[in-house]
Structure formats: C-alpha cells, structure tokens
Amino acid sequence: MNKQWRIKDLIDLEYFLHGDETQSDESENQKDRKIFLNHIQPLLQKEKSPLPASRSTIIRHWLDERRNLERKDLGPKAKFPGDAFDEGYKFSVFILIIIGLLSGAGLAVSFLTAYKGTEALNVFGYVGGLVLMQIFLLFALGFFSFLRRRNRLFKSVSIVYPLLSAFLAKTLFKLTEGTMNKLSAERRNHLKAAIGLVRGKQILYGSIFFWPIFLIAQIFGIALNIGILAATILRVLISDLAFGWQSTVQFSSQAVYQLVKAISLPWSWMISPPIAYPTLEQIHGTRMVLKEGISPLATQDLVSWWPFLCLAVIFYGLLPRLILFFVALIAKKRAIRKLDFGHAACDRLMMRLKTPSVSTSRGEHEKQPPEPFVHHIPKAVILKPEQNTAVLEDKVIALIPDDIFEQCREEEFKHKIQKTFGFDLRKKMKIGIDIEKDKKMLADLAAAQLKNGHPKVLMLQEAWQPPIQETLSFIREIRETVEQKTIIAIALIGKPASNTIFTEVKDNDWKVWHQEIEKISDPYIRIERLVGNDR
C-alpha cells in the first residue's frame, strides 16, 4: 500500500537528504543499503504488488525508517522539522480562525450599531463594505492567477515563498528548540538547512508550498464571513433594526429593484421573494429621504432587507471561500502526487539503496534476496552478488573538455559513470574548443535530447581547476538548453596523470566545487567524484 506524502514528510526528507550529502564515509553509504535490505525489501515483499515499486514508495519507506532510527538516538519525543511545521501550521490556523471570527463580527457590529432608531441603516453601506469588497478581492485573485500563468515575469515574482520561508524559520526554530539542544553541531546544521527548504526549492516543489498559504487565506475568509453572519443574525434577533436605502444620485426604486434582483441570481432560483430579495413595493417603501427620517416608512418594509443581506454574505463571501478551500485541498494533493522524486539528491539516495556492497568488513558479499522476492522488487534494485555496478537506468550524453577528450578512454569512462551515477553512456561530445563551437555543441545537444528521449547530461571536469565564472555560466546555458527537470551531472576527476585522467579528487578541490554548484540552487544538478569508488 502506497502511503500518501504530506508536506511534513517532504520537509523531513530534505532534512535527511541534506545530512547525507555532507557524509562521505563508506559506513554512511552502507547504512542506507542496510535499510533497504532489512526494512524496505521485506515491506515490498509483504505488499505483493504485481507492479514494480515506484521510486516514491521506496523513498517513503526509507524516510519512515530513518525517522525511526533517529528517534532511537534522540528519544521518542524528538521533533523533526516536519512535525514542527505541522504543529506551527495548525497553531496558525487556530489563531487565524479566532482573528477571522472576531474581525468579521467586529465589522458587522460596527455597521449595525450605527442604528440609533431615528434613521435606517443604509443597505448600500453594508453591501459595499461587507460583500462587494470580497467580490473585488476574488476578482483580483483570479486576475493575478491568470497573469502568473501567462507571464513569466509574474510567475517568477512571488511573495508566497518569502512568506512561507519566514513562517517556517520562526515556527520551526521555536518548536524544535528542545530537540535542537540535544543535537550535535552537525545535526543542528542539517536541521537549519531543512528549515531553509523553501528557499531555492521552487523549481523542485512547484506549487506544493503555495497551497498551505492559500488554504490559510481561505480559512481566514471562511471565519471572517461566519463572524459577519453570526453578528448580523444575532443583532437582528436581539434588537430592533431598520434597513433602508438612499443615495446622492437619484436612483429610482425600479433601478434599485433590478440591481437587487441581479445580485440575488445565485439563490433566487431556489428561494422566492420576499426572502430572496425585497419586492419592488418593499424597496420603494424603504427609500429614505434625508429630511423625513424613518417615521413615514412601514416597519414591515424596513425589516425586509436582512434576509437578502445574509444571503449575499453567504453566496458572495462564504461559499466562494469554501469552494476555493476544497479546490486548494485537491490541488495540493494532486501537486504532491505529481512529484517524481527525480532530483539529484533522490538520485543519490536511490544509488545507495540499489547498489549492493561488494564486501563487508569480513570481505564477504552481501546476501541477496531469495528468488521468490524478485518480481516484487524493482529491477533497478536487484543485483547478482558478483555484480560490482549499479543496474543501468538512464541514458546519458557526456560533455568532455577538448584537452582531455582523446585521453578519455571510452570503456573505462563508461565503467566509471556506470558505477558512480548508474548511467548508460550513449554519446560523447567535445566542449571548451571555442565559443562558437560550444554554441554549436549546445544546439547539437538540444537536437540529441529530442532524438534520444531527453537523456541526462554529464559534464566531466578537472576538480583541481577551480570553477570559474565562465564554467558556471556554461552550466546555466546547458540548463537553458535541456528540460528543467533533466539531471545535469558534474563528474569530477583529479589532475590527469601520464597513464590516466581518472585520478582522485582532493578534498579541498571537492569542497570548492560543491559550494559553487550549490550556489546555482538547481536541485537537478548532481555533483560527484568520478574516482574514489573502487573500494
């Protein structure tokens, strides 16, 4: 059974993935493989699905087990970033409901208490302040949503992510304060990185983190309208209110009647006048004249407006907010279901899970699953003991600098990227000859992407040469050439030797490259050392 992903799970996933990225020793890599063999594989066996397990299912099982292991270290009451987000979000919803109810009631009461018994309340003021303003906000929401879909400028400019980022930072640090004190300095850094999840993750998670903010806004709107309705009905029940209409512009009673009738269209088909809206006679009977007051007006006409006002709040204020609320709930679930977990960090995780350990500390091969399990486990994670490589999943086009292109022996190169990334080398292309030839190469790359079904792209780089601005700009040009979610792998090698270019990468060189690639904030760029895996 596939578990449903929630936003709190995605935040925890980023927390653990970030922690794993900073670990480079073999024991950390073997830990994930053990999780697969001891936890994920038995669960997949129990599910007995005729279809291979999806990447989403495998990663979710991994996440659950990592949380269980972490709780064993920190205690059962330990809070993860996702838990803190969940608590903070629920607390914010509660506060906004209270504020919405009080604000709505306050707005309605401020208008209704203006009645002193000598002059009727002007329904135009009530409709304009409490109904038309909400209609205007809904139209504004629709207009800006349309602009964001049609215009790249509006799509890239958003206040949602900065708002959510600030919300996460303040809430999570507060709610995880007890847990933070128990963590090592290294784990505290991982937690802080997860709290900064929203920054730079818009490409990866798209609208997923938009919907919680949108839902909160609708919850506030629902509470606001309930407050308006409750205060209005309560004032009608416990006090003697009189409603009328007047305007400096000399509207006729017939014109006002037609306007009211038009406003009542959403509910007049199921509710008849005078409840749905006042009749023409009642409207004529509630027209106020400045010098005469309300003494000439009939009481039955003066009280005929309140059902119309309440229905206007329900159908133009409360109901649209309820509809938007449920639409947002559905949209959030759909956005989460569309996640393919194909970004670089999940690629690394899948490699750790699916690649068997060649030997243990005793020099033995790891135990493989019995044959009956095989059809329940994805082919990408089933390997024979003698295999020393990951099963090939993805085609890749390799971009190799001109000065080492000839030295890059294809079989050796193919073997190393197969081991490190799990990629199947399909084509090699030269880069770095000159600007014009690089532009032509990008055009050829775009054509190859279309022809070969959008394969991944690998860029071979010598780590001892620091990543200058020209190199980083070229990586960005590659991103503009390929699809947004195509993995761009940066494969680092050390300083070429006389007999081979595949030498080990020094730690300092690795750190420099890793930091510069992280600054690009592209979750679909993956950087790895191409040498150093033969252990």
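The structure is a predicted model. The patch covers about 790 Å², and the sheet has five strands with parallel pairing.

**The nonpolar surface patch**

- Nine names make up the patch: Phe91, Phe94, Ile95, Ile97, Ile98, Ile99, Leu101, Leu102 and Ile226.
- Helix H4, which spans residues 81-112, gives the most to this patch, with eight residues.
- One of the patch residues, Phe91, lies in helix H4.
- Phe91 has a relative accessible area of 54%, and it therefore counts as exposed, since the cut-off for that class is over 50%.

**The open sheet**

- The strands of the sheet follow the order S4-S3-S5-S6-S7.
- Strand S4 (423-431) and strand S7 (525-529) form the edges, and each of them pairs on one side only.
- On average, neighbouring strands of this sheet are turned by 25 degrees against each other, with direction ignored.
- Four bridges join strand S3 (residues 394-401) to strand S5 (residues 456-462) in the parallel sense.
- Ala398 has Leu458, in S5, as its bridge partner.

**Helices packed on the sheet**

- Helix H19 (residues 410-421) packs on the sheet and touches S3, S4, S5, strand S6 (488-493) and S7.
- The direction of helix H19 makes about 125 degrees with that of S4.
- Helix H22 (residues 507-519) also packs on the sheet, where it touches S5, S6 and S7.
- The direction of helix H22 makes about 180 degrees with that of S7.

Definitions and conventions: Residues are numbered from 1 along each chain as its sequence is written. This is a predicted model: local features need pLDDT of at least 70, side-chain atom pairs count only at pLDDT 80 or more; totals for chains, interfaces and linings use all residues. Side-chain values use heavy atoms; hydrogens and water are left out. Patches are made of residues with over 30% relative accessible area and no salt bridge: like charges are joined within 9 Å, nonpolar side chains (Val, Leu, Ile, Met, Phe, Trp, Tyr) within 5 Å. Accessible areas come from the Shrake-Rupley method with a 1.4 Å probe; for residues, only the protein chains shown count as cover. A salt bridge is a side-chain nitrogen of Lys or Arg within 4 Å of a carboxyl oxygen of Asp or Glu. Helices (H or I, at least four residues) and strands (E, at least two) are DSSP runs, numbered from the N terminus. Buried means under 20% relative accessible area, exposed over 50%, partly exposed in between (1.4 Å probe, protein chains only). Two strands pair if DSSP finds at least two bridges between them. Axes are lines fitted to C-alpha atoms, for helices over the stretch in contact, and angles run from 0 to 180 degrees between N-to-C directions. Contact means heavy atoms within 4.5 Å.
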